[in-house]
Amino acid sequence: MKKVEKSWGAPEDLSTVAANYWSRNVRILYDSSTGRKTITAIDDFDPQLQTIHLSML
């Protein structure tokens with residue numbers, strides 16, 4: 001999650017399990033029990049984007 005924040009900046013909405021980047025149409029779910037906030041899932045809401053991979057972040 002730290003690499004995402006470094007690249008994209010702070011999320012527009014943050015909870016203990018999800019970071020929402022509404023302007024990018026992406027929600028990132030993560031495990032907050034790990035120090036690194038390991039990403040567990042990525043939800044994509046952009047109708048033009050068919051697939052998103054972690055490497056794209």
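In the predicted model, strand 3 (residues 26-31) and strand 4 (residues 38-44) run antiparallel and are joined by six bridges.

One salt bridge was found in a search of the whole structure. This salt bridge pairs Arg27 with Asp43, and the closest N and O atoms are 3.6 Å apart. Because Arg27 lies in strand 3 and Asp43 in strand 4, the pair ties together parts that are 16 residues apart in sequence. Arg27 has a relative accessible area of 25% and is therefore partly exposed. Asp43, with a relative accessible area of 27%, is likewise partly exposed.

Strand 4 also contributes to the largest pocket: this strand and helix 1 (2-8) each supply at least two residues of the lining. The space in the largest pocket amounts to about 290 Å³. The pocket is lined by 10 residues, of which Met1, Lys2, Lys3, Arg36 and Ile39 are the closest to its centre. Helix 1 provides the largest share of the lining, with three residues. Classed by residue type, the lining of the largest pocket comprises five nonpolar, four charged and one polar residue.

Key
Residues numbered from 1 in each chain as written. Predicted model: local features only at pLDDT ≥ 70, side-chain atom pairs only at ≥ 80, totals over all residues. Heavy atoms only, no water. Pairing = 2+ DSSP bridges. Helix = DSSP H or I, 4+ residues; strand = E, 2+ residues; numbered from the N terminus. Salt bridge = Lys/Arg side-chain N within 4 Å of Asp/Glu carboxyl O. Buried < 20%, exposed > 50% of the residue type's maximum accessible area, 1.4 Å probe, protein only. 1 Å grid on protein atoms, 1.4 Å probe; cavity = no way out; pocket = protein on both sides within 12 Å on 5 of 7 lines; lining within 4 Å. Points joined across faces, edges and corners; volume = space filled by probe spheres on them. Nonpolar A, V, L, I, M, F, W, Y, C, P; charged D, E, K, R; others polar.
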